[in-house]
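User: Hi! I'd like to chat through a structure with you, if you have a moment. Here it is.

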Amino acid sequence: MDIDLRLPVGLMFSLTGLILAAFGLFTNGVAGFYSKSLGININLWWGLVLLIFGGLMALLGLLRQLELSRIAAIQEARNRMRTMAPRRDYGPLH
Amino acid sequence: MNLTAVDWFVVILYFAFVVAIGFLLKRRIKTSKDFFQAGRSLPAWICGLAFISANLGAQEVIGMGASGAKYGLETAHFYGIGAIPAMVFVGIFMMPFYYGSKARSVPEFLQLRFDEKTRGLNACSFAVMTVFSSGISMYAMARLIQALHVFDGLFRKAGLPQGEIFTFAIVLSAAIVLLYIFLGGLTSAIYNEVLQFFLIVAGFLPLVLLGLKNVGGWSGMRSAVTAIDPRMMHEWKGVMHASTNPMGIDMIGLGMGLGFVLGAGYWCTDFLVIQTAMASRDMDSARRVPLIAAVPKMFFPLLVILPGLLAITVTSSQGQITGPQVHSAVLSPGSASSGTTEGRGLIPVKMNPVTGKPMYDANGNPILDYDMATPNMLLHYFPTGILGLGLTALLASFMSGMAGNVTAFNTVFTYDLYQPYMRRGASDRHYLLVGRWATVGGILLSIATAYAAINFNNIMDTLQLVFSFVNAPLFATFLLGMFSKRTTGHGAFSGLIAGTAAAMLHHGLTLPAEALRGIHGGWIAVFHRYPSDMAQNFYGAIYAFTANFIVAVVVSMFTKPKPEVELVGLVHSLTPKPAESHLAWWKRPQALAAAVLLGAVVLNLLLA
């Protein structure tokens, strides 16, 4: 079974976003910490953006992955039934 | 650069994912087709993002920032004229032959269409070129890591000598790229290129936003840049004559040279990018790949050129780092930046690597180290935390460029050099194994190139010059091959040789203004002086293309063409049009192409 690329991409960006946002919260209000980024808590804000992006990607990837495994399960069940039941000739109807 | 634990965490997280993808995909590699061509099974959007990412190496991210700082918005021509039309062309007109012919590589297409010697010539030059390009990429990355002092703290703590950082950076990046390609082949490279694409956007977008906010938005940037050089805020104004635009080029050189010859030559014939499209699952996807790639490509000028342009508007020089190889000669950080020995904005003066003193041109003006524009912007605007993300984006861009070269090399080596010339008719397992070891060999050769570059500073410039001679005429061969059934193998081969010779001769006889004879041209005699090296480059390409075209046509007239049955699927007039009627009208490649071109025109008008 293939992996849907959106899953690892989503996972990586969610984690990166989470780390940045958490670090942003932790350093929020520390004097002079964000003087480089014009006083904007860029870690918090950009971390949240990445978290949303990553979450969406992971969700889409997960849905597709579930669908794929469902298809694979049905396929497998069909194969098993075919091998278990002795093949009989049901005539032209079948 | 002061990196803290958070920054390292982000960097290491990225490396972990890159390697994990390689391991996950290992199970999928059973045949050589899986390894070299990703099983021809990937969806169009993945290949499309990898298509741009493969090209988004160091030269692109650092080089476009540098060019933005030097020439301004005119740099966007590399996208608007150079890349977008060529990407549309390859998707609509050329992909049916690349994908439909079942060729496994671009040189193999040449073998099917022409003959063995044309393939041999192309395969050899291409293989050498990819190895050296990835070596250049490695070298540039190691230099940048040194200049930004990324590993200095780490090395100090571990008690290792600082001189080993160069080796460490090269070995680390090579080992990671090697690991994931060795395991997962082209699929792994493509998946990681997609990851790298998103990372580059995630790392550079906040940089552009912060930079723009600092100067007061777009209008603030316009007035700040205009105060330095009013020509830099225009992409098109003054393009009719070489003396009225910063790059020193004219309309003919730009349209013909950059658009028709160089841009099309790169995007339509370079296996480095074409391989990603050839890995997609069916003909419709393959044709959509370059078109999908063109959509984000349109907006990339804003992402990679603007940092350079914004860098020259920054007035304080806090957090600035001078060029590579400089340790003691730091520019006085507090003093006003308007003096002649100072850099411009965040752009430092280039230092002589031997003496450590500033370098001056023939007129006594300091030479600026534009390559530091984008890295200095990262240091200037990013606090710790997001700085790790910015650094990761930079590393990702280096690695994606390197990986594209390595996968192109192992495929061309195995299918176009090893299989036909060294061992024919071996088992598929054997070629898969050869491909894996070609990856190792290619990376080792790249490392050797990177080290050669330390000792012979000019080797890189010389190599890139030679490659430009080989590449310049290529597009004519493909154009004649795909659109005229009369073109013969002898014609194509002699045309390529003639085109390369013309490019060399042109370079030997002309010189850009204010350049000394030698590596910049004029090594035979100086017959003509161009206003800039850009103009020389574009016109050289036009001459090479024309020479190739004429010689190929003339020789073809006197030699026997292949019988028509052998050319079905390879030449336009003998190939049935790819079926499109099963697609809704807005899903057809033409509709997508029209939308892309319209978007490109609008964007060009906005930047005019």
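Analyst: Happy to! One term before we start: two residues are in contact if their C-beta atoms, placed from the backbone, lie within 7 Å. Please also keep in mind that this is a predicted model.

User: Good to know. With that in mind, what is Phe538(B) in contact with, leaving aside its neighbours within four places in sequence?

Analyst: Phe538(B) is in contact with Ile249(B), Gly253(B), Leu254(B), Gly257(B), Leu258(B) and Leu262(B). Phe538(B) also belongs to the largest nonpolar core, which has 221 residues. Together with Cys47(B), Met87(B), Val177(B), Ile190(B) and Val194(B), it touches the most other members of that core.

User: Nice. Which helix gives the most to this core?

Analyst: That would be H9(B), with 24 residues.

User: Let me step back to chain B overall. How many helices and strands does it have?

Analyst: Chain B has 21 helices and 2 strands. Its C-alpha trace spans about 75 × 55 × 50 Å along the principal axes. Of its 608 residues, 56% count as buried.

User: And how does the radius of gyration of chain B sit with a compact globule?

Analyst: It agrees: a compact globule with 608 residues would be near 25 Å, and chain B has 24 Å. As for contacts between residues at least 6 apart in sequence, 80% of those in chain B join residues at least 24 apart.

User: How many residues are in contact between the two chains?

Analyst: On the chain B side there are 24, in contact with 21 residues of chain A. Four helices of chain B each supply at least two residues of that side: H1 (5-25), H9 (165-215), H14 (373-381) and H15 (386-422). The largest share, 9 residues, comes from H9(B).

User: What kinds of residues are on that side of chain B, nonpolar, polar or charged?

Analyst: They divide into 20 nonpolar, 3 polar and 1 charged.

User: Changing topic: where does H13(B) bend?

Analyst: At Phe299(B), by about 45°, and a proline, Pro301(B), follows within four residues. H13 covers residues 283-311 of chain B, and its 29 residues reach 43 Å from first C-alpha to last, close to the 42 Å expected at 1.5 Å a residue.

User: Why do you say H13(B) is largely enclosed by the rest of the structure?

Analyst: Because 24 of its 29 residues are buried.

User: Where are Lys102(B) and His149(B)?

Analyst: Both are in loops. Lys102(B) lies between H5 (77-100) and H6 (106-113) of chain B, while His149(B) lies between H7 (116-147) and H8 (152-158) of chain B.

User: Is Lys102(B) buried or exposed?

Analyst: Lys102(B) counts as exposed, with 12 C-beta neighbours inside 10 Å. His149(B) has 16 inside 10 Å, so it counts as partly exposed.

User: Last one: which helix is Leu60(A) found in?

Analyst: Helix H2 of chain A, residues 42-84. Leu60(A) is partly exposed, with 15 other C-beta atoms within 10 Å. Leu60(A) and Arg78(A) are 18 residues apart in sequence and 27 Å apart in space, C-alpha to C-alpha.

Methods: Residues numbered from 1 in each chain as written. Chains lettered and ligands numbered in written order. Predicted model: local features only at pLDDT ≥ 70, side-chain atom pairs only at ≥ 80, totals over all residues. Expected span 1.5 Å × (residues − 1). Bend = angle between axes of the 7 residues up to and from the residue. Buried ≥ 20, exposed ≤ 12 C-beta atoms within 10 Å, placed from the backbone. Nonpolar A, V, L, I, M, F, W, Y, C, P; charged D, E, K, R; others polar. Core = buried A, V, L, I, M, F, W, Y, C linked by C-beta atoms within 7 Å. Rg over C-alpha atoms; globule rule 2.2 N^0.38 Å.
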